[in-house]
Amino acid sequence: MKYIVSQIKKDVKSDPRAFEAMIEGNVDKVFFLSSYEEVCEIEADSLDEVFEIGNIGPDEKIRRFDFAPMHSISVGDVIMNEMNELFVVKGLGFERLGA
């Protein structure tokens with residue numbers, strides 16, 4: 001299964017909502033739509049495996065997008081599955097965006 005990872009754009013990191021997303025994993029839909037960019041596609045079997053590959057590899061399962069720099073997957077990042085469902089990386093596990 002292929003997953004798309006979105007991360008907060010560099011120029012928005014000073015926004016208080018970015019801080020809340022990166023510390024608490026609290027992301028609202030409006031902030032996501034205006035302040036995130038797709039950074040890569042990862043081939044994995046689950047969200048847990050996406051997190052693992054995005055942090056320790058293997059690198060050949062990651063297709064980085066040239067137009068957006070990627071950092072390791074962390075709290076506040078958003079992962080989209082093939083059914084276009086969005087999940088926010090939390091301190092422990094994942095939460096459906098907007099749930």
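**View 1. Phe19, Met22 and Ile23 make a nonpolar surface patch of about 300 Å².** Such a patch is built from residues with over 30% relative accessible area and no salt bridge, with nonpolar side chains (Val, Leu, Ile, Met, Phe, Trp, Tyr) joined within 5 Å and like charges within 9 Å. A salt bridge is a side-chain nitrogen of Lys or Arg within 4 Å of a carboxyl oxygen of Asp or Glu. Accessible areas come from the Shrake-Rupley method with a 1.4 Å probe, and for residues only the protein chains shown count as cover. This is a predicted model, in which local features need pLDDT of at least 70 and side-chain atom pairs count only at pLDDT 80 or more, while totals for chains, interfaces and linings use all residues. Residues are numbered from 1 along each chain as its sequence is written, and side-chain values use heavy atoms, with hydrogens and water left out.

**View 2. Met22 is found in helix α1, residues 16–24.** Helices (H or I, at least four residues) and strands (E, at least two) are DSSP runs, numbered from the N terminus. Met22 counts as partly exposed because its relative accessibility is 32%; buried means under 20%, exposed over 50%, and partly exposed in between (1.4 Å probe, protein chains only).

**View 3. Phe31, Phe32 and Tyr36 form one aromatic cluster.** The structure holds two aromatic pairs. The ring centres of Phe31 and Tyr36 are 5.9 Å apart and the planes are at 85°, so this pair is edge-to-face. The ring centres of Phe32 and Tyr36 are 5.2 Å apart with the planes at 45°, so this pair is tilted. Rings of Phe, Tyr and Trp (its six-membered ring) pair if their centres lie within 6.5 Å; planes under 30 degrees apart count as stacked, over 60 as edge-to-face and the rest as tilted. Phe31 is buried at 1% relative accessible area, Tyr36 is buried at 7%, and Phe32 is buried at 11%.

**View 4. Ser35 lies in helix α2, residues 29–35.** With a relative accessible area of 3%, Ser35 is buried. Leaving out residues up to four places away in sequence, Ser35 touches Gln7, Ile8, Lys9 and Val12. Contact means heavy atoms within 4.5 Å.

**View 5. Asn81 sits in the loop between β4 (78–80) and β5 (86–89).** Asn81 is buried, at 7% relative accessible area. The Asn81 side chain reaches the backbone nitrogen of Met83 at 2.9 Å. Apart from neighbours within four places in sequence, Asn81 is in contact with Lys2, Tyr3 and Phe87.

Terms used
Polar contact = N/O pair within 3.5 Å; in protein donor to acceptor, adjacent residues only side chain to side chain.
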